[in-house]
Amino acid sequence: MSKINKDFLLESINAIKTGSEEKKRKFLETVELQISLKNYDPSRDKRFSGTVKLRHIPKANFKVCIIGDERHLDEAKTLGLECKSVEDLKKLQKNKKLVKKLAKSYDAFLASDGLIKQIPRILGPGLNKAGKFPTSPYSALIPLL
C-alpha cells in the first residue's frame, strides 16, 4: 500500500459529505477507517490497545457508569455520575438478560482498580461480550489531563 495524497483524501471526504446531505437517511451514517502498520506481524506480536483524544465529540449523550467502592461511589455522586456498587451487581445474579440490559443502558463503564478482577465473577462474560468491559478511572482520565 502507498500513502494517500492529502488533496485526494479531502476531496473524497467532501464527496462523502455532499452525498450524505443530498439523500437524507433515517439512520446514523458512519465511516470506517482502516490503518495498516508497517513492520507489525499480528501473529507474532500481541494485541495492543490505547486511547485517542478526538478533537470533536463523537457522541453528545455519552453515558458512563461508575462501578466502585464507597469512596468512588461518593465521588461519582458528587460529580453527578451514575454509579453502581458491588451489591447492585450481585442482585443481577449473572442473569444474561439483565447483564445485557445493563450493558445497553450505558456507553462505557469505569471500575475501581480492586473491583476490575471481580466483575467477571459477579456478572459473567456479558459486559466483555458487549465490548464494554470496565476500565480503571485513573487510566481513563490520564490521557485527558
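This is a predicted model: local features need pLDDT of at least 70, side-chain atom pairs count only at pLDDT 80 or more; totals for chains, interfaces and linings use all residues.
Local features need pLDDT of at least 70 and side-chain atom pairs count only at pLDDT 80 or more, while totals for chains, interfaces and linings use all residues. Residues are numbered from 1 along each chain as its sequence is written, and side-chain values use heavy atoms, with hydrogens and water left out.

Begin by selecting Ile4, Phe8, Leu9, Leu10 and Ile13, which make a nonpolar surface patch of about 480 Å² (patch residues have over 30% relative accessible area and no salt bridge, with nonpolar side chains joined within 5 Å and like charges within 9 Å; areas come from the Shrake-Rupley method with a 1.4 Å probe; a salt bridge is a side-chain nitrogen of Lys or Arg within 4 Å of a carboxyl oxygen of Asp or Glu). Ile4 is found in the segment before α1 (6–22) (helices are DSSP runs of H or I, at least four residues), and Ile4 counts as exposed at 59% relative accessibility (exposed is over 50%, buried under 20%, partly exposed in between).

Next, select Asp69, Glu70, Asp74 and Glu87, which form a negative surface patch (Asp and Glu count as negative, the charge being placed at CG of Asp or CD of Glu). Within this group, Asp74 lies in helix α2 (residues 70–79) and is partly exposed, with a relative accessible area of 44%.

Finally, select Cys65 and Cys83. The count of disulfides (pairs of cysteine sulfur atoms within 2.5 Å) comes to zero. Cys65 is in no disulfide, because its nearest cysteine sulfur, that of Cys83, is 7.1 Å away, too far for a bond. Cys65 is also buried, with a relative accessible area of 0%.

Methods
Helices (H or I, at least four residues) and strands (E, at least two) are DSSP runs, numbered from the N terminus. Buried means under 20% relative accessible area, exposed over 50%, partly exposed in between (1.4 Å probe, protein chains only).
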